[in-house]
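Reader: Please take me through some labels given to this structure. I would like each one set against its cut-off.

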Amino acid sequence: MFLASFILIFLSEFADKTQLLLLALSQRFPLRSILFGMGISSFFLNLLSISAAAWLCSCIPLSGIQCIGAILFLLFGFHSLKPVSPQKKRERSLRFAWLSVAIAFFIAELGDKTQLSAIALAAQSNEKAAVFCGSFLGLFTSNSFVLTIGKALLTHVSDSFLRLFAAFVFFGYGSWMLFQLFIPSQLQIVLYCLFLFTAAYGYYIWQTNRIKTKD
């Protein structure tokens, strides 16, 4: 059951939107913080999937978690647009970077097909420990593999493109979560996109001028 759980979760996580999220986070935080935060989050996600999925759904409304997650990802999008001078980049404190990664990863994966697969496996088997270990390692290994390869490839891309890529992923993911909760009309989607683009562009210009003034 361990091997079956590992293979199923490993394959189901490939090309998942969460991996784009991790690649975006990797542009702000070091790889060790990403891996540690992802590992902590994966552990608790699978623990919930195996032993407390029913309790989680009854005590914590998924819509509330998704709303908080959408706001969090939109804020991450604005943060990604903020230019960072090389000196500040070296001096920046990242003590709690892993916590930001863990929270973002947890919210992104909660209720995702990977977690539902782990719940289904646990329901069909009495070997809960084997399912937990296989699911945890499958989730962690799949994301680590894609993250390592993706980060190596992105080192050849300019810093400004990486910031835009990260912001695009965060804005897209946060907006998608909001649209799942509050189904908008076509006009509302257009107005929302125009507002978000204007706010993001204004924030980017403001931060750029602010850094130039300081330098």
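Author: A charge sits over a ring if NZ of Lys or CZ of Arg is within 6 Å of the ring centre and within 35 degrees of the ring normal. The model is predicted, so local features need pLDDT of at least 70, side-chain atom pairs count only at pLDDT 80 or more, and totals for chains, interfaces and linings use all residues. Residues are numbered from 1 along each chain as its sequence is written, and side-chain values use heavy atoms, without hydrogens and water.

Reader: What sits over the ring of W206?

Author: The charged end of R210, 5.8 Å from the ring centre.

Reader: Why is the pair of F43 and F44 called edge-to-face?

Author: Rings of Phe, Tyr and Trp (its six-membered ring) pair if their centres lie within 6.5 Å; planes under 30 degrees apart are stacked, over 60 edge-to-face, the rest tilted. The centres of F43 and F44 are 5.4 Å apart and the planes are at 90°, so this pair is edge-to-face. F179 and Y192 also form an edge-to-face pair, with 5.2 Å between centres and 70° between planes. That pair links distant parts of the chain, 13 residues apart: F179 is in helix α10 (residues 159-181) and Y192 in helix α11 (residues 186-214); helices are DSSP runs (H or I, at least four residues), numbered from the N terminus.

Reader: What makes F44 partly exposed?

Author: Buried means under 20% relative accessible area, exposed over 50%, and partly exposed in between (1.4 Å probe, protein chains only). F44 has 43%, so F44 is partly exposed. F43, at 35%, therefore counts as partly exposed, and so does F179, at 24%.

Reader: Which residues form one aromatic cluster with F43 and F44?

Author: F132, F136 and F140.

Notes: Helices (H or I, at least four residues) and strands (E, at least two) are DSSP runs, numbered from the N terminus.
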